[in-house]
Amino acid sequence: MSERGLVVKGLRKSYKGGVSALNGVDLEVTPGLYGLLGPNGAGKSTLMRTLASLQQPDSGSITLDGIDALADPDSLRFKLGYLPQQIGAYPNVSGRDLLERFAWLKGRTDKKVRKQEVEYLLTRVNLERDAHRAVATYSGGMLRRFGIAVALIGKPRLLIVDEPTAGLDPAERSRFHRILAEIGSDAVVLLSTHIVEDIENLCTRLSIMAKGRIVAVGTPDALKASLKGQIWEREVPRDQVVPDDALHATATPYGTRVVISGAAQQGYSERTPRLEDVYYHALRAAKVEEL
């Protein structure tokens with residue numbers, strides 16, 4: 001891989017009590033949209049916080065465009081946009097004023113340039129009509145969109161998004177997807193989520209994470225092709241028990257759609273592998289129960 005992009009090698013992080021959150025994570029991400037898929041407790045948020053320089057790893061390395069991010073975190077921060085799962089708000093401060101403060105902290109000290117960027121971002125996330133309102137009064141979806149605007153200040157080279165569509169309605173989610181696709185034409189965009197659909201719709205490459213380590217990596221098409229001839233499905237009536245060996249199951253109007261992996265079984269038909277099948281298959285191989 002060239003120096004252009006994000007490279008993570010051997011990243012490890014443990015917390016008090018011996019809880020190991022990262023167990024030697026390796027990632028190589030070129031500009032574009034890259035998905036990090038995994039269940040709650042997989043270590044995704046720990047990895048995101050570490051990449052965002054909010055905490056130090058116990059060991060390992062992080063480089064962005066060839067720059068050592070652990071040795072020079074300030075250089076990383078000026079190239080970074082970060083949208084965490086939870087977004088706080090200061091009381092009685094409007095969206096426009098708070099966004100201007102964040103822009104100033106990000107190095108936008110020229111007042112004219114700063115105001116132009118703030119107005120552009122408010123329009124981009126569809127908050128221009130509510131920019132005068134206190135952020136503390138925003139709905140969950142509006143607060144999420146405001147966080148997106150904050151993350152986009154300064155045209156980040158690395159954009160880290162933790163659970164990107166949490167709290168967004170379908171229209172807002174579609175708008176956010178378009179924004180990410182535009183940014184990914186040049187920047188490294190890392191999406192961390194447990195929602196398979198977000199990854200499948202947006203990302204050209206992904207990793208699946210479980211128990212603090214990467215358990216699968218590749219393009220969506222290649223990962224799905226790796227399970228060809230191994231995925232089977234059938235409808236189980238409501239009055240029947242779902243088999244214990246089910247890879248995953250989905251309720252239907254008539255019962256439960258059961259998906260299994262491995263050799264063919266009586267009553268099952270072959271299923272074209274989907275990314276959700278890849279996800280559950282990888283978790284099973286890692287012996288992880290989805291919460």
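Which residues does T46 touch, not counting residues up to four places away in sequence?

1. T46 touches K13, Y15, A21, L22 and Q55, when residues up to four places away in sequence are not counted; contact here means heavy atoms within 4.5 Å. T46 has its place in helix α1 (residues 44-51), where helices (H or I, at least four residues) and strands (E, at least two) are DSSP runs, numbered from the N terminus. Because its relative accessibility is 10%, T46 counts as buried, the term buried meaning under 20% relative accessible area, with exposed over 50% and partly exposed in between (1.4 Å probe, protein chains only).

2. Before reading on, please note that this is a predicted model, in which local features need pLDDT of at least 70 and side-chain atom pairs count only at pLDDT 80 or more, while totals for chains, interfaces and linings use all residues. Residues are numbered from 1 along each chain as its sequence is written, and side-chain values use heavy atoms, with hydrogens and water left out.

3. The sheet is open and is formed by 6 strands in the order β6-β7-β8-β3-β9-β10, with mixed pairing; two strands pair if DSSP finds at least two bridges between them. At the edges stand β6 (80-83) and β10 (213-218), each with a single partner strand, so one side of each is left without a neighbour in the sheet. From one strand to the next the twist averages 15 degrees, angles running from 0 to 180 degrees between the N-to-C directions of axes, which are lines fitted to C-alpha atoms, for helices over the stretch in contact.

4. Strand β9 (residues 205-210) is joined to β10 by 5 bridges, and these two run antiparallel, with I208 standing opposite A216 in β10. Their hairpin has 2 residues between the strands, and in it K211 takes a positive phi near 55 degrees. β9 is also joined to β3, by 4 bridges, and here the strands run parallel; Y34 stands opposite R205 in β9. Since 5 of the 6 residues of β9 are buried, this strand is largely enclosed by the rest of the structure.

5. Helix α6 (residues 170-183) lies across β3 (32-37), β6, β7 (158-162) and β8 (188-193), and runs at about 155 degrees to β7. Helix α9 (residues 275-285) also packs on the sheet, where it touches β3, β9 and β10, and its direction makes about 35 degrees with that of β9.

6. In helix α3 (residues 95-105) the residues G95, L98, L99, E100 and A103 are buried, and what covers them includes α4 (111-124) and α5 (140-151). α3 is followed by G107, whose phi is positive, near 105 degrees.

7. The largest nonpolar core has 53 residues, of which L99, L159, L180 and I208 touch the most other members; such a core is a set of buried Ala, Val, Leu, Ile, Met, Phe, Trp, Tyr and Cys residues joined through side-chain atoms within 4.5 Å. Helix α5 gives the most to this core, with 6 residues. A second, separate core of 25 residues includes L27, Y34, A42 and I62.
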